[in-house]
Amino acid sequence: MLFLKINRINFIILIFLTATFFSCKKDKIIAIGAIVGASTVCYVDSNIVYSIPLNPEADYVLWTVPEQAQIVSGQGTNIITVIFGRKAGNICAKYYNKGKEVSTASCLEVHFDISNNWCREIDFKGGKRAFAKGFSIGNKGYLATGFDLGNKKDLWEFDPELVAWTQKADFGGVERTAAVAFSIGNKGYLGTGYTGTAVLKDFWE
C-alpha cells in the first residue's frame with residue numbers, strides 16, 4: 001500500500017515537472033546575420049540590392065524599408081531590390097518559419113549623403129539643349145533658353161521636394177542661346193546672348 005502511494009506521488013511529480021518543462025520551454029530563436037547593402041544612397045536611387053544569409057530553419061524573410069521606399073522584388077526571400085524615395089531610415093529583415101517569427105530583427109541604417117557625390121535626379125523635361133542658363137530662387141531651380149535645332153525661350157522650374165519639372169511662363173525676350181542668368185533675393189534675371197545672327201544686350205527680370 002505504501003509502495004502504491006509513493007508511486008502515485010512520483011507519478012504526480014513527474015506530470016508536474018513535465019508540464020512545467022513544456023510550459024516554460026521557449027521557442028528557438030534563429031541568429032540572423034548582418035544585412036549586406038549600401039548604407040549611403042542618393043535620393044530616388046533605384047535597383048539597390050540588400051541581402052541576408054540563407055537559413056535552412058526559415059522559410060520566409062519579412063523585409064521592411066523606409067517610408068517612400070519600395071521593394072521592387074524579393075520580399076519573402078533573402079535578397080531584395082529597392083527603389084528609394086526622399087526619406088532615410090532602416091532596412092530591416094526577420095526570419096519566419098511556417099508563419100511564425102523565429103528571429104529578432106536585423107537592421108541597416110540607410111541615409112542620404114550627396115556631399116562629394118553626384119546623384120542623378122529626374123531628367124530635364126524640356127528636351128535636349130546646349131548653352132541653357134539657370135538660376136535658383138529659394139529651394140527651387142530654374143532653367144531657360146538654350147539651343148537644340150533652334151534657339152529657345154522656354155523657362156522650367158525644378159522642385160526638389162516633388163522631384164518634378166514644371167514649365168513656367170516663357171522668357172520675355174526673343175529666343176536665344178549663350179545668355180547670362182543669376183538671381184538676387186526672390187527674383188531671377190536673364191539677358192544678353194546670341195540669336196544666331198545677332199549679339200543681344202537686352203536684360204530681363
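A residue counts as buried when its relative accessible area is under 20%. In this predicted model, Glu157 has a relative accessible area of 10%, so Glu157 is buried. Glu157 also takes part in a salt bridge with Lys140, and a search of the whole structure finds nine salt bridges. The points below cover the sheet around this pair, then other salt bridges, then a second pair of strands.

**The sheet with strands S9 to S12**

- Four strands make up an open sheet in the order S9-S10-S11-S12, and their pairing is antiparallel.
- Strand S9 (133-137) and strand S12 (164-168) are the edge strands, each pairing on one side only.
- From one strand to the next, the twist averages 25°.
- Strands of a sheet pair through backbone hydrogen bonds, which can be in a parallel or an antiparallel arrangement.
- S10 and S11 run antiparallel and are joined by four bridges.
- Gly141 has Phe158 in S11 as its bridge partner.

- In the salt bridge of Glu157 with Lys140, the closest N and O atoms are 4.0 Å apart.
- Glu157 lies in strand S11 (residues 155-159) and Lys140 in strand S10 (residues 140-144), so this pair ties together parts that are 17 residues apart in sequence.
- Lys140 is partly exposed, with a relative accessible area of 27%, whereas Glu157 is buried at 10%.
- A network of salt bridges links Lys140, Glu157 and Asp159.

**Other salt bridges**

- Arg120 and Asp123 meet through their side chains in a salt bridge, at 2.8 Å from N to O.
- Arg120 has a relative accessible area of 66% and is exposed, while Asp123, at 42%, is partly exposed.
- Lys94 and Glu101 form a salt bridge in which the closest N and O atoms are 3.4 Å apart.
- Glu101 is partly exposed, at 39% relative accessibility.
- Lys94 is also partly exposed, at 25% relative accessibility.

- Side chains alternate along strand S2 (residues 48-51).
- S2 and strand S5 (residues 79-83) run antiparallel, with four bridges joining them.
- Ser51 stands opposite Ile79, which is in S5.

Technical notes:
Residues are numbered from 1 along each chain as its sequence is written. This is a predicted model: local features need pLDDT of at least 70, side-chain atom pairs count only at pLDDT 80 or more; totals for chains, interfaces and linings use all residues. Side-chain values use heavy atoms; hydrogens and water are left out. Buried means under 20% relative accessible area, exposed over 50%, partly exposed in between (1.4 Å probe, protein chains only). Helices (H or I, at least four residues) and strands (E, at least two) are DSSP runs, numbered from the N terminus. Two strands pair if DSSP finds at least two bridges between them. Axes are lines fitted to C-alpha atoms, for helices over the stretch in contact, and angles run from 0 to 180 degrees between N-to-C directions.
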